[in-house]
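Subject: A structure for you to look at

Dear colleague,

I am passing on a structure that I would like you to read alongside this message. Please keep it open while you go through the notes below.

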Amino acid sequence: MINKKYELLKNKTVLYVEDDLTLQKNIVETLGHFFDKILMASDGDDAYDLYISHQNRIDLIITDINMPNMNGLEMAKAIKEINQNIPIIVATALVLLVMNDIIRNYEVIAAVIILTREILISGLREFLAIGRIKLPVSSLAKYKTFLQMFSISILLTGETGNKII
């Protein structure tokens with residue numbers, strides 16, 4: 001049953017917007033497990049142009065906020081003026097944490113894994129809800145999410161988190 005639900009995603013097209021090419025590559029690889037068609041842009045201007053040329057094909061947009069030229073929020077606003085119903089997921093928390101040196105080194109890798117999973121899963125659930133498709137949640141998944149959110153809260157506290165542990 002779950003496989004049938006994932007099969008529905010294979011027919012959807014995602015526009016992913018990220019100016020960090022390494023992060024873009026990793027996220028696109030992860031998204032590739034769910035979606036066959038992924039369009040990529042490195043800034044809001046490129047994403048807006050891609051959306052204009054493919055707006056009848058794009059089903060979901062995932063964007064960073066801080067990018068050169070047009071930022072993610074400006075791009076989202078411009079696209080929403082054309083199509084208020086397009087789902088847009090804004091994913092930027094990790095970038096702010098790294099830029100402010102709240103997390104660094106191996107903490108970044110752990111945070112990327114946790115946040116990417118949570119953002120993609122929650123965004124995927126919202127996207128599926130539009131089509132009235134539900135993903136079942138097992139007790140193990142709920143426990144795992146709790147542990148991941150607890151872990152990310154420790155990472156977010158930085159040096160203070162080390163004292164908690």
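Two strands are said to pair if DSSP finds at least two bridges between them, and helices (H or I, at least four residues) and strands (E, at least two) are DSSP runs, numbered from the N terminus. This is a predicted model, in which local features need pLDDT of at least 70 and side-chain atom pairs count only at pLDDT 80 or more, while totals for chains, interfaces and linings use all residues. Residues are numbered from 1 along each chain as its sequence is written, and side-chain values use heavy atoms, with hydrogens and water left out.

The protein chain contains eight helices and four strands, which follow one another along the sequence as α-β-α-β-α-β-α-β-α-α-α-α.

The four strands form an open sheet in the order E2-E1-E3-E4, with parallel pairing. Strand E2 (37-41) and strand E4 (88-90) stand at the edges with a single partner strand each, so one side of each has no neighbour in the sheet. On average, neighbouring strands are turned by 20° against each other, direction ignored; here axes are lines fitted to C-alpha atoms, for helices over the stretch in contact, and angles run from 0 to 180 degrees between N-to-C directions. Strand E3 (residues 60-63) runs parallel to E4 and is joined to it by three bridges, and Ile61 has Ile88 in E4 as its bridge partner.

Helix H2 (residues 21-31) packs on this sheet, where it touches strand E1 (13-17), E2 and E3, and its direction makes about 160° with that of E1; contact means heavy atoms within 4.5 Å. Helix H3 (residues 44-54) lies across E1, E2 and E3, running at about 140° to E2.

Which residues of H2 are buried? They are Leu23, Gln24, Ile27, Val28 and Leu31, where buried means under 20% relative accessible area, exposed over 50%, and partly exposed in between (1.4 Å probe, protein chains only). These residues cover an arc of only 130° around the axis, so they lie on the same side of H2; the arc is that of the directions from the helix axis to the C-beta atoms. An α-helix has 3.6 residues a turn, so residues three or four places apart point the same way. The face of H2 turned away from its buried side carries the exposed residues Thr22, Lys25 and Glu29.

Finally, for the protein chain as a whole, 37% of the 165 residues count as buried.
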